[in-house]
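Hi everyone, thanks for having me today. Let me put the structure up on the screen, and then we can walk through it together.

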Amino acid sequence: MSENWIDVSAHNGVIDWPRVAASGVSGAVLRAGYGNDAAQKDICFDANIKGALAAGLKVAVYWFSYADSVDDALKEWQVCRQIILPYRGRICFVASDYEYDSYNYYRRVHGTAPSNDLINQMVNAFLGAAKADGWDTMLYTNNDYRRNVFSAATLAAWDIWLADYTGGPDVPCAMQQTCSTGHVPGISGNVDMDVDFKNFEIVPSSH
């Protein structure tokens with residue numbers, strides 16, 4: 001049985017989490033931050049994760065990558081880990097989010113496009129380090145990157161969170177992002193909507 005989730009960041013502003021929970025949403029994937037510096041922590045992350053947990057929602061996190069090398073991807077994981085560590089045991093999974101803005105950033109910095117091999121190496125390094133540290137993991141992607149960027153080995157290595165707005169998912173996945181223009185009570189404006197097929201368990205609080 002699938003569950004309705006959302007994914008949010010500081011771009012969604014202040015969220016009324018009890019209203020979100022009352023609307024039938026089961027969980028939320030929260031942006032923890034981006035890049036390789038702790039100063040790039042999502043400014044709403046702590047408020048979002050505390051609010052979502054207090055409202056009884058399941059939570060997971062994603063990290064938006066601007067990595068331009070394997071070493072940089074590993075540095076991004078270390079920053080992400082530092083930010084999410086206080087909530088260890090409550091987070092269902094950590095997702096790597098490498099997409100068009102990540103690719104375009106590399107082009108601006110280096111004057112050339114990153115190779116598919118490098119992109120695969122970077123996401124595998126980030127997620128491999130997270131897994132080695134004991135976190136459940138997921139790779140965020142869309143059908144373009146699934147077909148044209150990520151290798152079969154990369155796609156087979158991780159649970160997939162697939163952005164696919166055309167109905168049901170084109171391929172089996174753990175989670176599907178179904179639209180970016182959803183509306184949920186407690187959130188102003190549009191919000192990304194997701195369907196979770198994995199049915200994560202709520203992790204009991206240690207307090």
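So, how many salt bridges does this structure have? The count comes to six. Please keep in mind that we are looking at a predicted model. I'll take you through some of these pairs, and then we'll turn to the nonpolar cores.

Let's begin with arginine 31 and aspartate 42. These two form a salt bridge, and their closest N and O atoms are 2.7 Å apart. Where do the partners sit? Arginine 31 belongs to strand β2, which covers residues 27–34, while aspartate 42 is in the loop between β2 and α2 (45–54). The pair links distant parts of the chain, eleven residues apart. Now, are they buried or exposed? Buried means under 20% relative accessible area. Arginine 31 has 14%, so this residue is buried. Aspartate 42 is buried as well, at 2%.

Next, have a look at lysine 41 and aspartate 46. Their side chains meet in a salt bridge too, with 2.5 Å from N to O. Here lysine 41 is partly exposed at 28% relative accessibility, and aspartate 46 is also partly exposed, at 24%.

Aspartate 159 is partly exposed, with a relative accessible area of 29%, and lysine 198 is partly exposed at 43%.

Let's move on to the nonpolar side chains. In soluble globular proteins, nonpolar side chains tend to be buried together. In this model, the largest nonpolar core has 51 residues. Which residues have the most contacts inside it? They are Ile6, Trp17, Val20, Phe45, Trp77 and Ile84. Helix α5, residues 116–132, gives this core its largest share, nine residues. Apart from this core lies another one, made of 14 residues, including Trp5, Tyr62, Ala163 and Ala174.

To finish, let's zoom in on tryptophan 17. What does this residue touch, once we leave aside its neighbours within four places in sequence? Among its contacts are Ile6, Val8, Ala28, Leu30 and Leu57. Tryptophan 17 also contacts Ala47, Asn48, Gly51, Ala52 and Ala55.

Notes. Residues numbered from 1 in each chain as written. Predicted model: local features only at pLDDT ≥ 70, side-chain atom pairs only at ≥ 80, totals over all residues. Heavy atoms only, no water. Core = buried A, V, L, I, M, F, W, Y, C linked by side-chain atoms within 4.5 Å. Buried < 20%, exposed > 50% of the residue type's maximum accessible area, 1.4 Å probe, protein only. Helix = DSSP H or I, 4+ residues; strand = E, 2+ residues; numbered from the N terminus. Contact = heavy atoms within 4.5 Å. Salt bridge = Lys/Arg side-chain N within 4 Å of Asp/Glu carboxyl O.
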